[in-house]
Amino acid sequence: MARTTDGGSYDVVVVGAGASGLSCAGDLCAAGLRVLLLEAGDAVGGRMRTDRVAGFTVDRGFQVFNTSYPQVKRRVDLPALRLRPFTPGVLVHTEDGPRLFTDPSRRPLRSRDLLPGRLASGRDLLALSALSARDALAPASVLRRGADGTTLDALTAAGVSPRLVETFFRPFLSGVFLEDRLETSARFFHLVWRSMLRGTLCLPAGGIGAVPAQLASRLPPGVVRCGAPVSALTSGGVALDDGREVSSRAVVVATGGRVAAELLPGLRVPDGRTVTTLYHAAARPPLEEPLLVVDSRRRFLNTCVLTAVQPGFSTDGRALVSTSVLGSPDAAHTDTVRHALGEVYGVDTDGWELVHRVTVTDALPAMPGPSPLLRATRWAPGRYVCGDHRATGSLQGALASGARAARTVLDDLRSGRA
């Protein structure tokens with residue numbers, strides 16, 4: 001089929017309008033380049049999308065927004081998002097009943113369950129205090145340079161007992177890393193733990209999709225083009241699925257790992273983690289407080305009452321409960337999860353309505369330790385790649401990777417290497 005040109009040429013074409021592509025395009029536009037940001041979907045955001053389903057606001061998979069990330073502080077207007085915070089801490093369902101794991105420096109009056117013998121031993125509490133103090137106070141650069149292994153290695157080295165690992169860390173971190181073996185990079189664990197100690201976990205009033213929408217709104221008119229899937233990179237730019245070509249001096253592939261490997265043959269990308277989130281509607285909230293809940297028996301990753309965090313997520317007064325599980329469970333497993341939620345929340349869940357279910361393939365890149373925290377963004381002359389699969393599986397990683405790609409492109413264009 002004959003190809004037609006797009007009718008214009010650009011300094012840079014960025015493929016993919018997720019967080020990484022938006023940060024890259026934003027920095028390139030700020031530098032005065034003519035940029036086109038192509039997105040295959042009908043809106044920006046990538047995996048950070050929000051839908052309206054049956055009168056509820058639901059994100060495409062359970063997501064939280066961490067205010068401590070440096071790239072977030074640099075790029076996002078936080079007040080405009082109308083953030084509502086989770087209660088600092090995690091409610092752990094144990095064989096001995098619910099236990100609240102919280103930061104005593106933030107909620108000293110709610111730290112009863114951190115008394116020795118309830119959730120942890122005195123020795124565990126000392127080990128946890130030392131670990132948390134180091135991660136919270138040390139510069140991020142020190143943590144990034146530390147010796148690497150697995151998260152389990154890091155917890156063992158810190159003196160955390162196997163009992164506390166199984167009661168709290170494995171259930172909680174399974175929902176953070178989307179794996180239940182604690183095999184994720186120790187260095188990444190320390191950075192994540194640091195961000196949680198220093199930041200606040202929140203939800204935007206409009207759902208997580210409000211974050212990329214805000215980033216896109218700051219780009220010059222005409223930069224973003226949605227519904228424009230790219231089929232291949234060409235010698236002079238990119239080819240679109242509809243047969244047109246767009247010419248550019250440089251191309252940045254800012255898609256997920258699988259698509260990036262298709263567009264850049266030979267690119268090695270990490271495996272992805274798959275997660276499914278179930279959204280149940282309940283006549284009454286099973287928990288009034290905006291708390292993240294985990295299960296020491298690991299029948300699910302985590303659960304929370306979203307409408308306790310953001311009441312506007314429901315339009316009819318019903319409560320919206322989000323629960324995430326690894327992989328893609330069948331109907332029987334879904335029923336098992338609902339019954340487990342009844343036990344954990346201490347309510348009858350037979351009347352709960354499953355209003356939405358979303359499975360996100362490659363929701364996070366796998367980072368088994370030891371694992372690099374950064375991967376190169378320059379792939380070939382005039383060809384670049386960015387995304388959380390080139391950095392760390394987090395919003396910070398995605399935004400920072402896009403920023404790094406933009407700096408590399410600018411350096412190469414100015415020096416004539418692109």
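Guide: Let us start with an open sheet of 3 strands in the order E5-E9-E6, paired in the antiparallel sense. Strands here are DSSP runs labelled E of at least two residues, helices are runs labelled H or I of at least four residues, and both are numbered from the N terminus. The model is a predicted one, in which local features need pLDDT of at least 70 and side-chain atom pairs count only at pLDDT 80 or more, while totals for chains, interfaces and linings use all residues. Residues are numbered from 1 along each chain as its sequence is written, and side-chain values use heavy atoms, with hydrogens and water left out.

Visitor: What makes strand E5 and strand E6 stand at the edges?

Guide: Strand E5 (65–66) and strand E6 (84–85) each have a single partner strand, so one side of each is left without a neighbour in the sheet.

Visitor: Which strands does a hairpin of 2 residues join?

Guide: That hairpin joins E11 to E12. Strand E11 (residues 230–234) and strand E12 (residues 237–240) pair in the antiparallel sense over 4 bridges, and Thr 234 has Gly 237 in E12 as its bridge partner. E12 is also joined by 3 bridges to strand E13 (residues 244–253), again running antiparallel. In the hairpin of E12 and E13, with 3 residues between the strands, Gly 243 takes a positive phi near 100 degrees.

Visitor: Why are H6 and H7 called roughly perpendicular?

Guide: The axes of helix H6 (residues 162–177) and helix H7 (residues 186–198) come within 12 Å and cross at roughly 90 degrees. Angles under 35 degrees count as roughly parallel, over 145 as roughly antiparallel, 65 to 115 as roughly perpendicular and the rest as oblique, and H6 and H7 are therefore roughly perpendicular to each other.

Visitor: Which residues of H6 and H7 meet?

Guide: Among them are Phe 168 and Phe 172 in H6, and Val 192 and Trp 193 in H7. The residues of this contact (heavy atoms within 4.5 Å) divide into 11 nonpolar, no polar and no charged, where Ala, Val, Leu, Ile, Met, Phe, Trp, Tyr, Cys and Pro count as nonpolar, Asp, Glu, Lys and Arg as charged, and the others, Gly among them, as polar.

Key: Axes fitted to C-alpha atoms, helices over the stretch in contact; angles between N-to-C directions. Pairing = 2+ DSSP bridges.
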